[in-house]
Amino acid sequence: ELQEWRPVAYRKCTDVLWLLLFCLFWAGLMFISGYAVMAGAAERLVLGYDSFGNICGRKNTPVKGAPLSGQDMTNKKYVFFLNSCSLEMQSLKISSLSLCVSSCPQEQLNSLEDLQSFARNNGSFLCLYNLNVSSYTLNPKAAQLCPTLPVPPSKSFPLFNRCVPQNPECYSKYASMLISMVNEMDVFHRILSGILAGRATVIGLSFLALAFSFILVLAFRYIRTLLVHTLIALVVFGLLFVSGVLWWLHYDYRNDPSAELETEKENIKFLLGYAIFSTIVTVVLLFLIFALRKRLQFAVQLFRIVGKIIGRIPFLLFQPLWTFLILLVFWVFWVAVLLSLGTAGTAQSTSGGQVEYRALSGICYMAWYHFVGLIWTSEFILACQQMVIAGAVVTCYFNRNKSSPPPHPVLSSISVLFCYHLGTAVKGSFLITILRIPRIVLLYLYNILNQKKNAKCLFKCCFCWFCCQESCLRYFNQHAYTTTAINGTNFCTSAKDADCILARNPAKLASVSCSGDFLLFLGKVFVVCFTVFGGLMAFNYHRELQAWVVPLLLVGFFAYLMSHSFLSVFEVTADAMFLCFAIDMETNDGTADKPYFMDQDLLTFVSQSNKLTEGQKHRSTRPFQDNEDGTELQPM
């Protein structure tokens with residue numbers, strides 16, 4: 001039985017129970033956020049703290065049993081280790097005493113007199129707080145209360161505000177200790193340290209990726225055949241150039257005298273992995289470009305038709321920008337809460353008047369709940385963007401007068417979403433979340449069982465299976481959202497109706513969209529490729545303490561995220577247009593009684609694309625089977 005497709009003017013709320021469930025889930029997130037703010041101290045992780053529980057750069061409250069706690073450190077913003085040349089780590093804790101100081105020593109200090117002179121001239125006291133400056137040379141216990149001599153020159157480094165020694169021997173030991181500490185940390189702390197180590201470069205490259213994405217969106221809006229060939233040439237050149245640069249950097253780092261440092265060893269290992277991965281991607285893409293070269297002209301025609309729709313709804317081009325800003329605000333909030341959760345603990349004094357922070361019970365479960373909230377909420381925001389774009393496209397497609405488009409289709413689509421279909425977006429995003437969580441668990445178990453080859457192979461297979469399932473679910477979710485925008489039905493009914501019409505016309509709809517999807521993928525590769533190249537050049541000229549592997553990964557991920565967010569406008573518009581086209585052909589027959597809603601250009605394009613796919617096979621003049629009992633779709 002064929003579904004009667006009709007854009008409805010009067011709607012009802014869909015999937016209300018799922019919306020209530022999402023609200024209850026966010027109530028739990030708000031409880032965790034409030035608890036984290038009350039019990040946590042994110043400043044302790046970001047600003048750094050001394051061995052006596054004082055957070056550097058702010059006023060502190062005293063801790064019972066620790067006489068040196070509770071001091072005003074407003075002007076002392078840097079953490080200084082008393083034994084920076086012989087640091088040892090036990091259970092993620094550094095054995096050396098640490099103090100908050102106002103400045104790091106720029107020159108080597110060889111005696112207690114030098115420490116005293118540095119304190120008087122710079123106002124930075126490198127001995128324990130209870131030792132007066134005048135007693136540096138008089139107190140017989142000054143050697144135990146002051147740093148180990150000689151004190152190497154150091155400078156403040158943007159990595160948790162630590163004073164980093166510049167002496168080559170001390171630098172090497174400090175770097176080795178820091179890399180060991182980072183390797184034993186969890187993924188979140190590793191990423192955070194990478195961001196702080198190269199935050200200026202990461203921010204600059206992120207703006208570069210944003211500019212590339214916006215330029216590419218404008219280029220696709222006014223696409224021409226010459227532009228497509230230029231894009232392909234740039235992608236091929238970029239892939240070959242980046243692969244060559246990666247191999248050259250790997251060779252250069254291997255022959256560098258500082259390759260004995262742990263940071264350099266990390267960079268060499270990951271540069272080799274990057275080079276191999278980039279080379280494989282280059283070979284595969286070159287093969288695909290050669291295999292699909294005959295469909296490039298159809299890709300140009302497709303984007304001209306999509307560009308015509310976007311020309312009627314120009315505000316669709318700005319939709320990813322608002323989505324990204326909302327996601328950015330949510331991610332900042334999520335990171336702030338996670339920082340507070342990671343530092344939620346009680347301060348307890350130990351022997352010698354020092355302070356340790358012990359984690360509270362139940363924090364681990366709260367962190368997992370918070371992590372699920374990250375995935376679900378992010379997918380919900382992206383689902384709302386897809387529904388807004390699909391609703392605007394449906395409104396313009398089912399409009400008889402193409403020269404006079406409906407007023408404010410984007411605002412109308414947003415109002416329909418918020419008034420009626422938020423529950424549908426919640427349900428679709430929840431299904432994606434359900435498939436993403438097992439992937440993360442498998443990745444965690446894969447890292448634990450890294451030494452067992454049979455387990456590694458099994459986990460890789462399961463991981464790939466979940467990835468394929470997620471890709472398929474995203475494809476059907478998009479068509480379910482479009483169907484909801486047309487018929488106003490709930491998620492399950494919309495998914496079933498969309499699946500039925502796609503099952504009746506699988507080859508036809510796939511043939512007209514594969515070339516466009518491939519061209520969009522090349523656009524994403526273009527943005528990632530040139531942004532990563534900029535990152536390689538920037539990080540290569542700053543071979544300091546940090547292993548810049550993590551920042552470069554973040555730059556590549558952010559570049560792909562930005563390009564995907566902006567180019568998804570064309571992808572979602574094309575998918576919604578083809579579903580509307582299939583419904584239009586199945587419901588109407590092009591006669592005066594039941595005329596088509598589509599443009600003649602779209603009908604001609606689909607016919608030509610299908611002829612190319614089917615070769616010389618004879619085709620009927622009607623692409624889809626008639627529906628004699630169908631009802632003409634009414635304008636939105």
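Reply: Happy to! For residue classes, Ala, Val, Leu, Ile, Met, Phe, Trp, Tyr, Cys and Pro are nonpolar, Asp, Glu, Lys and Arg are charged, and the others, Gly among them, are polar. The model is predicted, with local features needing pLDDT of at least 70 and side-chain atom pairs pLDDT 80 or more, while totals for chains, interfaces and linings use all residues. Residues are numbered from 1 along each chain as its sequence is written, and side-chain values use heavy atoms, without hydrogens and water.

Me: Thanks. Which residues line the second largest cavity?

Reply: Its lining is made of Glu379, Leu382, Ala383, Gln386, Gly428, Ser429, Ile432, Arg474, Asn477 and Tyr481. A cavity is a set of points on a 1 Å grid over the protein atoms alone where a 1.4 Å probe fits but cannot get out, and lining residues have an atom within 4 Å of a point.

Me: What classes are in that lining?

Reply: The second largest cavity has four nonpolar, four polar and two charged residues in its lining.

Me: And what is its volume?

Reply: About 80 Å³ for the second largest cavity, where volume is the space filled by probe spheres set on points joined across faces, edges and corners. In the whole model, seven cavities reach 30 Å³ or more.

Me: Which helices supply the lining of the second largest cavity?

Reply: H12, H13 and helix H14 (453–487) each bring at least two residues, and H12 has the largest share with four. Helices (H or I, at least four residues) and strands (E, at least two) are DSSP runs numbered from the N terminus. The chain has 18 helices and eight strands.

Me: How much of the chain is buried?

Reply: Of its 636 residues, 48% are buried; buried means under 20% relative accessible area, exposed over 50% and partly exposed in between, with a 1.4 Å probe and protein chains only.

Me: Now the backbone. Where is the cis peptide bond?

Reply: The cis bond joins leucine 149 and proline 150, with omega about -5 degrees. Proline 150 is in the loop between helix H4 (142–145) and strand S5 (154–157).

Me: What about phi at aspartate 15?

Reply: Aspartate 15 has a positive phi of about 50 degrees, although it is not a glycine. Aspartate 15 sits in the segment before H1.

Me: Is aspartate 15 buried or exposed?

Reply: Aspartate 15 counts as buried because its relative accessibility is 13%.

Me: And histidine 408, what is its phi?

Reply: Histidine 408, another residue other than glycine, has a positive phi near 50 degrees. Histidine 408 belongs to the loop between H12 and H13, and its relative accessible area of 57% makes it exposed.

Me: Last one: what is the makeup of residues 16–38?

Reply: Residues 16–38 are 100% helix and 0% strand, and the end C-alpha atoms lie 33 Å apart.

Key:
1 Å grid on protein atoms, 1.4 Å probe; cavity = no way out; pocket = protein on both sides within 12 Å on 5 of 7 lines; lining within 4 Å.
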